[in-house]
Amino acid sequence: MTSAVRHSYINDAALRLRASHVLPGGMYGHQNAGPLPPGFPQFFERGLGCRVWDADGNEYIDFLCSYGPVVLGHQHPRVEAATAQQRALADCQNAPSARIVELAELLVAKTPMADWVIFCKNGSDATMLCMVIARAATGRGKVLVARGAYHGAAPLLTPRAAGGVTAEDRANILSYSYNDLASVEAGVEAAGGDLAAIIATPFRHDAPAD
């Protein structure tokens, strides 16, 4: 799929240099391309259908679907039309519109185990909220997480060694080895009856330690 609109691109290397002066490390979080092999793009300029273009104009197929949410492709006509229709009513308000109720009703209707829905802006917020709910429901404090796995960017759960995180911050976090049932059982035993939740991802999602 190609676009009839002509595009001018900004050099990726130039953007990296500019970013190094105003963004920590030039880029932060899971979007930091620094550790990746040379030639991997850091900045993307646009997307159309299943394809994306980097800041140098190179074209790629977006197999990641922009980390998940773009399952219908970039600039899908029906999505763009619905977005424009809502934007004509309001971009951002001090309270939600009827759309939040409609979407929650749809999700609850399609998910047999769900009685209600809470919307979060990212996975870190969702994980932290799940921890709070589990602790409130069980009255327990400890949470078992996969060792070295990415469970969000919050210092409490990320496997990265981050300054400003104390031992007390992680005092109630225990770990197990992914796909190792014996280590899960050992973690449950170590919790000593104070286990509120076990966090697991559907696939192994390790993150670099530094």
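Predicted model: local features only at pLDDT ≥ 70, side-chain atom pairs only at ≥ 80, totals over all residues.
Two strands count as paired here if DSSP finds at least two bridges between them.

**Entry 1**

I started with strand S4, residues 142-146, and looked up its pairing with S5: the two run in the parallel sense over 4 bridges. On to S6, which is also parallel to S4, with 3 bridges joining them. I then wrote down the whole sheet: it is open, has 3 strands, and its order is S5-S4-S6. Strand S5 (173-176) and strand S6 (195-198) are the edge strands, and each has a single partner, so one side of each has no neighbour in the sheet.

Which strands does helix H4 touch? I found H4 (residues 123-138) packing on the sheet with contacts to S4, S5 and S6. Its direction makes about 145° with that of S6. Helix H5 (residues 181-191) packs on the sheet as well, and I again got S4, S5 and S6 as the strands touched. For H5 I noted the angle with S5, which is about 160°.

**Entry 1: S4, residue by residue**

How many residues of S4 are buried? I got 5 of its 5, so to speak a mostly covered strand. Next I checked which way the side chains go. In a regular strand they alternate between the two faces of the sheet. In S4, Lys 142, Leu 144 and Ala 146 point one way, while Val 143 and Val 145 point the other way. Lys 142 is on the buried list along with the rest.

I jotted down a few partners across the strands too. Leu 144 has Leu 174 in S5 as its bridge partner, and Val 145 stands opposite Ser 175, also in S5. On the S6 side, I found Val 143 opposite Ala 197.

**Entry 2: Asp 62**

Is Asp 62 buried or exposed? It's buried, and I found no salt bridge for it. The nearest side chain of opposite charge is Arg 51, 11 Å away, whereas a salt bridge needs the nitrogen and oxygen within 4 Å. What does the side chain of Asp 62 make a polar contact with? I found the side chain of His 74, at 2.8 Å. Leaving out residues up to four places away in sequence, Asp 62 touches Cys 50, Arg 51, Val 52 and His 74.

Note on methods: Residues numbered from 1 in each chain as written. Heavy atoms only, no water. Buried < 20%, exposed > 50% of the residue type's maximum accessible area, 1.4 Å probe, protein only. Lys, Arg positive; Asp, Glu negative; His and termini not counted. Polar contact = N/O pair within 3.5 Å; in protein donor to acceptor, adjacent residues only side chain to side chain. Contact = heavy atoms within 4.5 Å. Axes fitted to C-alpha atoms, helices over the stretch in contact; angles between N-to-C directions.
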